[in-house]
Amino acid sequence: MVILHSQFAIRNSPFLMFPFYYQDNQLFCEQVALADVVAAVGTPVYVYSETELVARARAYVTAVSQAPIPSLACYAVKANGNVHLLRLLGQAGLGVDVTSGGELFLAQQAGISASKTIFSGVGKTAAEIEMALRAGIRALHVESEMELTAVSAIAAKLQTKARIGIRVNPNISAETHPYISTGQHSHKFGVPWARAQAMFAAAAQHDWLEPVGIAAHIGSQIRDVEPFRQAAVFLTEVADELKVQGIALRYVDVGGGLGIDYTGEGAPEIGAWITAVSEPVQAAGYELVLEPGRSIVGSAGALLMQVVYTKDQGKKQFVIVDAGMNDLLRPTLYKAYHPILPLQPSNALTHNVDIVGPICESGDWLAQERPLPPQQPGDVLAILQAGAYGFAMGSNYNGRLRPAELLISGNQYRLIRQRQQYNHLLDGM
Ligand code: LLP
């Protein structure tokens, strides 16, 4: 099928704004022509704009620092755990929300202070709990009665008072993909309020536990602020109930989940989100904690990939590229749409193609029925909005080497992760 208007659509894509834009018929990131990056380091490669990343981090830090009660934005490391990016985010003033011993290790390596580190997750092991307590992190966010027992036993063994929050499941639904919606009772996350209340009471009585916060996280890639506001109101109300019982918490953590714009339909501003969630929390006198991931790093990153072959299968036209589902899992796992732009747009008519990788699965696709001008081997395409849950969800499936990562700042770029080589496939063997 030929779509006449889509060449116009490519050149007028709503995603062509800083840091990614065309100049002299070339796609740039900041002041670097991406073709130069590809010539230097090859493909597939993730590129990140330092200016965009830091601006989004600062948007959070500035908003929370203007709060009447000291507040903290903790970057959710799971979105992208590259230690160089973590260091920049820490320097910009963010804390971290970690979800494993590995992420805690990365945050420590990036110099993020323990006092700005929280640990979330339903399945923390004894070794991870001990690591966090020894590091003296700000709080462990507990998600079950059994975990509370484990934390108290380890804290007693270490003779260390464990600061804890409890993640409550607010039973609020929000529109997103079912795999990344987390705030309802059918999900494994958090505990219903009635049980959390009993856990708080037990923790407050315990010699080695100190309840300091209450948390929720209703899901990810949510583009409406209303469910977040409802969660903030709910958490504040239940924190007030605890206060009446003599348990005074310091903070209310409304989680992360603010969506970004993958499709051109828009997404709320960081400031609007913070205003919505902070009002109820601060009016009641609690410190606000946030756990944003995607909305900090998503728009800063792109995955560059090269066309290897094209293939006409009659009903479908395929563009086979050198990146696959092992490099960017989101399209096939969530049917996620990412904008894709050619590095050098042409004026040729566009055709709808499926952009697929080399992996031996029919699910190995990056875009379906996407209008593109004719592609030749060696042409390079950029997948935008790929900074969050891109590299982080990658793997070595099919013996594929994990891609390089590169940080761009102004007219400079530097490698922040080398492309794997074949001998990395023997690591630990
Ligand atoms: N806090 C907790 C407890 C979380 O579980 C998450 C994300 C976040 C914060 C950060 O949420 P964000 O601000 O990034 O939405 N792989 C999926 C996203 C999974 C999100 C898991 N939890 C994707 O690619 O869309």
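Start with the largest pocket: its lining takes at least three residues from each of domain 1 (4-49 + 299-426) and domain 2 (120-292), with bounds that come from an automatic or database domain assignment. A pocket here is an open set of points on a 1 Å grid over the protein atoms alone, with protein on both sides within 12 Å along at least five of seven lines, and lining residues have an atom within 4 Å of a point.

This is a predicted model, in which local features need pLDDT of at least 70 and side-chain atom pairs count only at pLDDT 80 or more, while totals for chains, interfaces and linings use all residues. Residues are numbered from 1 along each chain as its sequence is written, and side-chain values use heavy atoms, with hydrogens and water left out.

Stay with the largest pocket, which holds about 660 Å³ of space; a volume is the space filled by probe spheres set on the points, which are joined across faces, edges and corners. Select Lys78, Thr99, Phe189, His217 and Tyr389, the closest to the pocket centre of the 30 lining residues. Colouring the lining by class gives 11 nonpolar, 10 polar and 9 charged residues. In this scheme Ala, Val, Leu, Ile, Met, Phe, Trp, Tyr, Cys and Pro are nonpolar, Asp, Glu, Lys and Arg are charged, and the others, Gly among them, are polar.

Next, select the ligand, which sits in the largest pocket (more than half of its atoms lie within 2 Å of the pocket's grid points). Around the ligand are 18 residues, of which Ser220, Glu291, Arg330, Tyr334 and Tyr389 come nearest (a heavy atom within 4 Å makes a residue near). This shell has 6 nonpolar, 6 polar and 6 charged residues.

Now show the polar contacts (pairs of N or O atoms within 3.5 Å). In the side chain of serine 220, an N or O atom is 2.4 Å from a ligand oxygen. For arginine 294, select the backbone: an N or O atom there lies 2.8 Å from an oxygen of the ligand. The side chain of lysine 78 places a polar atom 3.4 Å from a ligand oxygen. The protein covers 91% of the 580 Å² of accessible area that the ligand has on its own (Shrake-Rupley method, 1.4 Å probe).

Last stop: the cavity, a set of points where a 1.4 Å probe fits but cannot get out. The whole structure has 1 cavity of 30 Å³ or more. Select Ser120, His141, Arg167, Ala215, Ala216, His217 and Glu291 to show the lining of the largest cavity, which divides into 2 nonpolar, 3 polar and 2 charged residues.

How values were computed: A polar contact is a pair of N or O atoms within 3.5 Å; within protein, one must be able to donate a hydrogen and the other to accept it, and residues adjacent in sequence count only if both atoms are side-chain atoms.
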